[in-house]
Amino acid sequence: MIKGNQYSRRAMLKGLGASIALPFMHSLAPQSLMANPMTSTGGAPKRFACLFMPNGVHPDKWSPQQLGSDFQLSPILSPLEKVQNKLLILGNLSNKHSFRTVEGHYTKTANFLTSMKVARTVDSNVDAGGVSVDQIMAQHLGKNSVYPSLQYGIDKMRSGVCKSTGITKLYGSTISWETNRQPCSLEIDPRMAFDRMFRNYIPGKKPMPEDPNKQSVLDIVMEDAKRLEKRIGIEDRNKLNEYLSAVRSVEKRLDNQASLEDFEAQITPDMKEELKRMDIRIDEWAEYAEGVDVTEKTRIMLDIMVLAFWSDASRVVTFMMGNSASGRNFAFLEGVNGSHHAISHHKYDPRQMAQYEIINRWHIEQYAYLLEKLDAIKEGDGTVLDNSMILFGSGLRDGMRHSPNDLPIVVAGSAGGRLTQA
Amino acid sequence: MRTSLITCIALLFVLAPDFSFADTKEDRKWRRIAHPIIREYCTECHNAVDKKAGLDLIEFYYVPSVISRGETWRHIVDLVKNNEMPPHGSKPMSQADKDSFIYIINHVLDNALQDPDPGPSMIRRLSHREYSYTIKDLTGVDFNAMSYFPKEGSGGEGFDNQSGVLFTTPLTMERYYMAADSIVRELRNDPERWDDLVSVDYSPGIFRHFANWVTSWFSDDPPRWSKPVRRAEEAILPFATKAFRGFLDGEDRSDLMSFFEKLYFDGLWKEDDGFDDAIATVYKRILVSPIFLYRSEINQPIHKPYKISNVELATRLSYLLWSSMPDDTLFDVAYREDLHNPEVLNREVLRMMRNPKFSRFSQSFATQWLGVEESLNTPKADKELFPEFTDDVRQAMREEVVRYFHHVFSEEKDLLELIDSDYTLLNEDLARHYEVPDVSGDAFRKVNVAGQGRGGVLGMGAVLAATSLPNRTSPVLRGQWVLEQILGTPPPPPPPDVPELSEEGEGGHDELDLRTLLEKHRSSPNCAGCHKKMDPIGFAMENFDAVGKWRNYYRGEATINTSAIMENGQMIDGPLELRQALSEEKELFARNFVRKMLSYALGRGVGFTDSPTVKELTDTLLQNDFDSEEMMLALVNSYPFRYRRSDMTELYIKEYRR
């Protein structure tokens with residue numbers, strides 16, 4: 001398609017990089033948002049995001065040496081310098097249901113936010129033990145949002161089953177569970193993620209009006225479902241329940257015209273400018289960098305998250321920076337030569353561990369990028385970051401040993417003052 | 001009060017699938033005999049805390065739970081018989097205990113197999129692949145569901161059509177709606193295709209307009225008259241019958257038509273294309289209906305397994321062979337003849353296997369069985385080391401897998417050729433990659449590659465790349481792949497605190513040192529057991545580099561040593577001898593292939609109660625020189641494919657109420 005272009009790809013990307021590095025600087029939060037009656041405390045909305053990193057961390061380069069608020073960032077955490085005073089770096093946490101479970105990565109991913117026992121199964125009775133914490137938050141924080149919660153990722157779901165451990169690999173691709181038996185779908189395409197929320201608000205683009213028959217179509221297919229229910233067994237009915245609740249959630253958004261109008265009203269000119277830039281940036285990425293530039297894809301997804309928080313489209317987001325046991329080739333980083341998963345099994349070889357550290361730091365750089373963006377948006381007396389709780393973590397400590405002890409966990413932001421960096 | 005009690009009971013079933021309603025005599029017998037022996041000899045290791053080998057033997061309280069892990073229990077019988085368990089150093093089992101232990105296990109398992117059990121058959125949402133093909137066959141529209149809908153995982157033996165892993169989330173639902181919208185819009189905007197589908201037309205004449213105008217003076221109700229409804233029925237009902245894969249009952253019909261009437265009489269009749277627009281919206285509604293999106297079978301509350309209906313069988317058949325809905329002929333046969341009659345069934349299957357749509361089976365089955373999809377979509381090979389691994393080459397590699405499989409399955413009909421043959425299917429791009437001369441053009445053709453290391457799936461670039469690391473080959477991964485995908489004997493997971501595949505961590509080591517390193521590794525007794533199975537297989541394949549190119553030297557200098565000793569002591573050297581050695585493992589390969597096929601056909605994992613069917617189909621392969629056609633016929637005639645077990649929960653509740 002773009003064979004034989006006369007620009008080198010690298011030059012192209014550099015050019016792109018320069019034109020897109022426009023942070024959401026000093027923008028003011030929408031007025032209506034400040035007065036939003038939905039927020040329980042009357043202040044700005046509280047938000048939650050979770051970034052999941054696969055394959056654990058270099059065990060010696062993660063934890064800071066000091067306890068308390070006066071501490072030096074560790075080598076891996078060093079990119080967080082600018083937001084250091086808004087961080088909680090938590091040590092010695094582990095998930096008790098990650099012990100004595102199926103060996104390997106997958107179950108320790110599925111239960112990252114459920115903290116429960118994951119069922120060993122290849123397909124029947126997929127079970128993460130419970131609802132994930134982001135979904136519980138969505139029920140409270142997100143109940144009046146246009147999108148109660150969002151789930152993002154950058155990789156396709158893992159296919160296949162692990163025959164040696166007898167589990168489906170889908171456990172390794174999902175941290176958000178709507179119910180113990182139903183994982184949430186991951187959006188991995190920046191264009192679709194962006195259009196879903198903002199397609200109708202981009203200046204200069206023709207809005208796509210909602211199908212006027214949608215409500216009546218959904219009503220009538222619910223009748224179909226009820227008729228179908230009578231013909232099938234109870235197990236099947238449980239499965240069909242997914243359909244019913246999915247339809248209900250789509251209907252809820254249709255019903256709630258008022259909240260959509262609220263949402264539209266609070267999209268400020270600043271935001272509109274940003275939406276326009278984002279729209280172009282996604283087009284450029286799709287044309288030149290798709291499948292090539294992982295960093296840019298990650299950042300686009302993170303920026304969409306920022307837009308979602310800023311515009312109050314959603315208050316709860318999870319983001320998988322890779323499926324568990326991801327074998328992404330990180331050779332695009334200086335000093336790295338090989339797959340993430342392979343390098344995480346470093347066998348204590350210092351050369352391997354050095355590469356492991358660089359890969360870990362890349363993940364933290366993306367996290368820092370998100371935090372700085374959120375921190376640049378003023379909201380009330382603070383920033384969007386102050387009103388949020390942004391969790392970063394992995395289901396393993398040292399990838400070499402798949403160990404679930406002393407997990408690498410950081411929380412940024414203070415949820416509107418509810419968390420303090422003591 | 002009563003309803004809430006019933007709800008509670010229903011909930012119990014839902015929440016605790018293992019919950020046994022009545023503790024049966026058999027359950028008690030199992031516990032009386034087995035549990036004291038287990039406590040005395042086994043629970044030092046196989047308890048809830050240590051769970052050696054992943055087993056807590058005391059948690060098997062009920063017979064159904066024993067059956068669900070039937071193969072494990074058969075294995076336990078073997079181990080106890082051969083004095084391998086309890087292990088040396090622990091208290092040996094007395095002969096009397098051994099006898100009763102083996103007796104009770106076999107008793108429970110043999111009983112389970114006495115009455116044929118078709119296993120569970122769950123409601124199944126269409127996979128994205130099936131959705132695309134069904135839309136294509138129903139409407140003619142090409143819709144790429146795979147990239148439009150949220151990505152999904154796989155289950156059972158590793159396929160994306162397994163009911164347990166097909167979820168419907170709010171996001172999927174949103175996309176289903178948008179998909180239906182765009183499919184119907186595409187149809188409407190293409191007059192030719194629309195007229196194909198909707199051959200009827202209607203627009204109110206001048207008199208009707210006048211009559212409606214007059215009526216509107218006296219009544220606020222929208223006008224209603226029968227002609228457009230009768231016409232629309234001709235377009236809506238056949239479409240819905242196909243989409244719903246079954247005959248519509250009265251309620252279905254009236255539901256569909258009253259929606260049309262509402263749309264049409266409430267206003268669309270006044271518009272030029274109102275008749276067609278109303279039909280289009282009804283189509284849209286059909287495409288988001290659960291009856292379209294889910295394949296369901298009627299649950300008959302009877303105790304014994306029962307034959308599924310003709311139409312249900314037709315649907316199972318067409319989704320197995322075409323990944324799509326039945327065509328008109330199959331529907332017709334299901335309506336007029338008895339599809340359970342082997343003569344009719346075989347005739348239909350052979351007809352369907354000759355249809356070009358049968359290549360969808362190869363598309364779907366081969367790439368998933370061999371597990372090559374992921375690595376071709378998101379290649380991990382290092383671009384600087386392997387610039388030749390281009391999009392075109394990868395695309396050709398996928399085609400090779402699919403076309404080769406299809407050729408073997410439907411032309412040669414000898415499934416052993418999947419492991420070993422002297423030909424493959426190539427186009428120019430791939431032939432250049434393989435350094436096979438005299439192939440030009442984009443078209444794939446059968447090429448004789450005798451003596452060139454290729455032939456069979458083990459010589460395919462897609463497989464070789466999928467089992468490599470970004471910067472080099474991995475004999476361990478390749479060995480593990482052969483054990484899992486070809487022979488169906490996956491190595492057990494490594495002991496805790498040992499990396500899954502320790503050799504992987506040596507990414508920085510040169511390929512040259514690998515062999516020495518692995519040999520050292522195998523000197524550790526913890527690792528030797530599995531590595532002496534995996535490593536030799538991988539060594540014999542070292543002539544293929546990480547993107548499937550042939551090589552005789554590492555870095556152009558050191559000669560590659562491809563000789564190895566297989567676990568059974570057999571000496572092999574190079575890919576050819578490896579393939580020959582693997583072709584001798586007829587029974588393992590046959591059983592593994594059968595399990596994969598059965599899982600794909602039933603949309604669920606293969607369990608212990610399926611073992612008679614697995615055996616029957618394996619024997620069919622072994623006795624018929626691995627004839628693919630015979631195997632397919634045996635599969636569709638098999639018990640679990642044509643029978644269904646009722647979901648009895650409801651019946652239990654009713655009995656309880658009484």
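Chain B is divided into domain 1 (27-114), domain 2 (125-295), domain 3 (379-503 + 510-583) and domain 4 (587-644), with bounds that come from an automatic or database domain assignment. The model is predicted: local features need pLDDT of at least 70, side-chain atom pairs count only at pLDDT 80 or more, and totals for chains, interfaces and linings use all residues. Residues are numbered from 1 along each chain as its sequence is written, and chains are lettered from A and ligands numbered from 1 in the order in which they are written.

The C-alpha centres of domain 2 and domain 4 of chain B are 38 Å apart. Eight residues from domain 2 of chain B and eight residues from domain 4 of chain B take part in the contact between them, where two residues are in contact if their C-beta atoms, placed from the backbone, lie within 7 Å. On the domain 2 side, the residues that touch domain 4 of chain B comprise one nonpolar, six polar and one charged. In this classification Ala, Val, Leu, Ile, Met, Phe, Trp, Tyr, Cys and Pro count as nonpolar, Asp, Glu, Lys and Arg as charged, and the others, Gly among them, as polar.

Chain B as a whole contains 31 helices and ten strands; helices (H or I, at least four residues) and strands (E, at least two) are DSSP runs, numbered from the N terminus. The C-alpha trace of chain B spans about 100 × 75 × 45 Å along its principal axes. Of its 658 residues, 45% count as buried, that is, 20 or more other C-beta atoms lie within 10 Å of the residue's own, with C-beta atoms placed from the backbone.

The largest nonpolar core has 102 residues, and those with the most contacts inside it are Val401(B), Val463(B), Leu598(B) and Leu635(B). Such a core is a set of buried Ala, Val, Leu, Ile, Met, Phe, Trp, Tyr and Cys residues joined through C-beta atoms within 7 Å. Domain 3 and domain 4 of chain B each supply at least three residues to this core. Leu598(B), when residues up to four places away in sequence are not counted, touches Val606(B), Asp610(B), Thr613(B), Val614(B), Leu617(B) and Leu635(B). A second, separate core of 87 residues includes Cys50(A), Leu77(A), Ala110(A) and Met321(A).

Chain A has twelve helices and 13 strands, and 52% of its 422 residues count as buried. Six of the strands form an open sheet in the order E3-E13-E12-E2-E9-E4, with mixed pairing; two strands pair if DSSP finds at least two bridges between them. Strands E3 (87-90) and E4 (150-153) of chain A are the edges, each pairing on one side only. From one strand to the next, the twist averages 15°.

Within this sheet, E2 (residues 47-52) and E12 (residues 388-393) of chain A run parallel and are joined by six bridges. Cys50(A) stands opposite Leu391(A) in E12(A). Helix H10 (residues 294-311) of chain A lies across E2, E4, E9 (316-320) and E12 of chain A, at about 175° to E9(A). Axes are lines fitted to C-alpha atoms, for helices over the stretch in contact, and angles run from 0 to 180 degrees between N-to-C directions. H12(A) also packs on the sheet, touching E2, E12 and E13 (409-412) of chain A, and its direction makes about 175° with that of E12(A).

Where the chains meet, 71 residues of chain A are in contact with 75 residues of chain B. H7(A) gives the most to the chain A side, with twelve residues. That side divides into 25 nonpolar, 23 polar and 23 charged residues.

Key:
Buried ≥ 20, exposed ≤ 12 C-beta atoms within 10 Å, placed from the backbone.
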